[in-house]
Amino acid sequence: MLARRMDRVTASAIMELIKTTAAGSYISFASGLPDPALFPAETLATLTEQTLTQDGRAALQYGPAEGYPPLREAVAELLRRRGFRATPDHVLITNGSQQALDLAARLLLNPGDTVALENPSYLAAVQAFDSYEARYRTLPLDEAGMCLDTLPTLLAGRPRLLYTLPNFQNPTGLTLSPERRQRLAELAAGAGVLVLEDDAYHDLSYEGEAPQPVCSLAENPAAIYTGTFSKTVAPGLRVGYLCAAPPLVERLAQLKQITDLHTGSLTQRVVYRYITDGHLEPGIEILRQTYRARRDVMLAALDAELSDCAEWTRPRGGMFVWVRLPPGCRAGEILKRALALGVVFVPGSSFHPESGGENTLRLNFVSSTEEKIRAGIPLLARAIREVLA
Ligand SMILES: Cc1ncc(COP(=O)(O)O)c(C=O)c1O
């Protein structure tokens, strides 16, 4: 009865897990959520009131599909600071960067087309690609991010797009080295393969500024870069963006119009004021300080509890630590014991587009306080030791 593409659209195991544990008294390292205690609610309340008082009629009216023009200019300015030669015509404002990923996939993928991507990768992007009946070719990751050894061969097979998360990747926390960025940009441009770069965590960088985006490193008209205010302001606003060559932006805006006409006029204006009134930079600094300290607490707790039987990434930004257990040790089994002990995480196999990763798990280090992290990691370690025994 439903369209064939719905065959691969299923409830996410992660969302189910997060839903069932949200109500209980679990210590949760499972979610993909930022800490709501750090949302700038009072500032947003003031800015919303100002927006409604000062330009309420326009803020409540329909707007252009491409986005509120002053916000497009403000985003272009942010992008220029990241190394792009961006004008407002390069920017499409989207309902979170998830919509940017979906629009890009809808623009590019015919059923059966190949997407090249990291293994593991961001689950909700894979779900978007699934809904357009994509097939996958995967690239492994090491400490310096995506491994490029097999990339030339893979690109020669002409995938429709290459999806990459070079900064503080969700789920592994890994970052692509500057040398590999340059090479990736050049190889993809040379092969004429479209790069879809997801930089949702760019500003959550805890060791200096994040490296320059791949899409800004080579002249490639086939590049779509996505970003968001979800991690730096608040995800409930649903304001993200993409940056691409103006002819691509035009086509993507046509799709956006079909989907939802445009992103909310009021929220776009509130985000615009948040940026131009000077709240963004200080807000990011608070997030960096708080999240950096939580990361350090989690890494120290892992060092103390698990160094004899597991290894994990040491992320320079973002929200996640990725833990690898000895082969044969199944994270699904550990999760059952962890739930009984009151702690929850996401098994890493969920993030593998095809299969694998049964001995891996993802831990969110930003959504719990330092005390909760200190209390939760020993419980997780106990669950792991019970399974290993
Ligand atoms: C890597 C990555 N990309 C994109 C998104 C989508 O976020 P949003 O739609 O809120 O911008 C997320 C959200 O968790 C993410 O982790």
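The ligand is surrounded by 13 residues, counted when a heavy atom lies within 4 Å of it. The closest are Ser97, Asp198, Tyr201, Thr228 and Ser230. The model is predicted, so local features need pLDDT of at least 70 and side-chain atom pairs count only at pLDDT 80 or more, while totals for chains, interfaces and linings use all residues. Residues are numbered from 1 along each chain as its sequence is written, and side-chain values use heavy atoms, with hydrogens and water left out.

Look at the ligand's oxygen atoms. A backbone N or O atom of Gln98 lies 2.9 Å from an oxygen atom of the ligand. Lys231 reaches with its side chain: an N or O atom there is 2.8 Å from a ligand oxygen. For Arg238, a side-chain N or O atom is 2.8 Å from an oxygen atom of the ligand.

Now step back to the domains. Domain 1 covers 4-40 + 282-388, and domain 2 covers 63-278. These bounds come from an automatic or database domain assignment. The C-alpha centres of the two domains lie 25 Å apart. Their contact (heavy atoms within 4.5 Å) takes 35 residues from domain 1 and 37 residues from domain 2.

How much area do domain 1 and domain 2 bury between them? The value is about 3300 Å², with 58% of it on carbon and sulfur atoms. Buried area is the accessible area (1.4 Å probe) that two parts lose on being put together, summed over both. In domain 1, Arg8, Arg288 and Arg316 lose the most area to domain 2, together 21% of what that side buries.

Charges also meet across this interface. Side chains of opposite charge can pair when their charged atoms come close. A salt bridge needs a side-chain nitrogen of Lys or Arg within 4 Å of a carboxyl oxygen of Asp or Glu. Four of them cross between domain 1 and domain 2. Arg4 forms a salt bridge with Glu133, and their closest N and O atoms are 2.7 Å apart.

Which elements build domain 1's side? Helix H10 (280-306) and strand S12 (320-324) each supply at least two residues of the side that touches domain 2. Helices (H or I, at least four residues) and strands (E, at least two) are DSSP runs, numbered from the N terminus. H10 gives the largest share, eight residues.

The whole structure holds 22 salt bridges. In one, Glu77 meets Arg81 at 3.4 Å, N to O. Because they are four residues apart in helix H3 (residues 69-81), about one helical turn separates Glu77 and Arg81.

Technical notes: Polar contact = N/O pair within 3.5 Å; in protein donor to acceptor, adjacent residues only side chain to side chain.
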